Amino acid sequence: MIDMNKGVNRTRAAMPAYLNIKRQAGVTLIEAMISLALSLVVTSAMVVLMANSLGTATRGIHMTQLSDELRNAMSMMTRDVRRANYSANSIFCYGNSKCGFAGGNALQLDDVQIDGECFIFALDRGFNGDATDDAVGAFRRVPDNDGVGVVEMWAATDSSLPNCDAQPGAASWISLTDPNVVNVTAFTIDDSRSIVK
């Protein structure tokens, strides 16, 4: 007689090793905690890198704005200072000992006046050799109402003289720099290397 249940009633110990594997239904608590910790480390590193790159981009934009502000202010000052005390009559002095409209000497219009962080100069804006009817030029540094240093330009169209001690933003003074972008902490005018004193 053949026993049909002979192979069925075998114990687990008697089963071959490859059939003795316990099937896993999920992850253990320790495995889940380790994977969460690794995910947290990787995510934190990514957040730090993104914040750093965004901060670098923002600093780059601020530096560009700062450079533009200072370059524009310097360009305007340089342009006017190069023409300071210019007189259209001086063209007659080129190779001519008797210069000027009436054959006399071409006179310098005026000296550049330096008053602390402010300087004033004459310009022959009308190019007629007579600066008495032209507005003078001036630049100064003043703290605005919030204490931020601003470079201002005298923009009067009449022949009135600028008041370097006037309040920031006073009539005929216009700001060259934006106090939201740059704080001008010092504005030094030095004529020690000037050819004519």
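**A tour around Phe139**

Begin by selecting Phe139, which lies in strand β3; strands (E, at least two residues) are DSSP runs, numbered from the N terminus. The model is predicted, so local features need pLDDT of at least 70 and side-chain atom pairs count only at pLDDT 80 or more, while totals for chains, interfaces and linings use all residues. Residues are numbered from 1 along each chain as its sequence is written, and side-chain values use heavy atoms, leaving out hydrogens and water.

Is Phe139 buried or exposed? At 0% relative accessibility, Phe139 counts as buried (under 20% relative accessible area with a 1.4 Å probe, protein chains only; exposed is over 50% and partly exposed is in between).

Next, show the residues in contact with Phe139, meaning heavy atoms within 4.5 Å. Leaving aside residues up to four places away in sequence, Phe139 touches several residues, including Met76, Asp80, Glu117, Trp173 and Leu176. Glu117 is 22 residues from Phe139 along the chain, and their C-alpha atoms are separated by 8.3 Å.

Now turn to the rings. Rings of Phe, Tyr and Trp (its six-membered ring) pair if their centres lie within 6.5 Å; planes under 30 degrees apart count as stacked, over 60 as edge-to-face and the rest as tilted. The count comes to five aromatic pairs. Select Phe119 with Phe139: the ring centres are 5.7 Å apart and the planes stand at 35 degrees, so this pair is tilted. Phe119 belongs to strand β2 (residues 118-121) and Phe139 to strand β3 (residues 137-143), so the pair ties together parts 20 residues apart in sequence. Phe119, at 9% relative accessibility, is buried.

Technical notes:
Helices (H or I, at least four residues) and strands (E, at least two) are DSSP runs, numbered from the N terminus.
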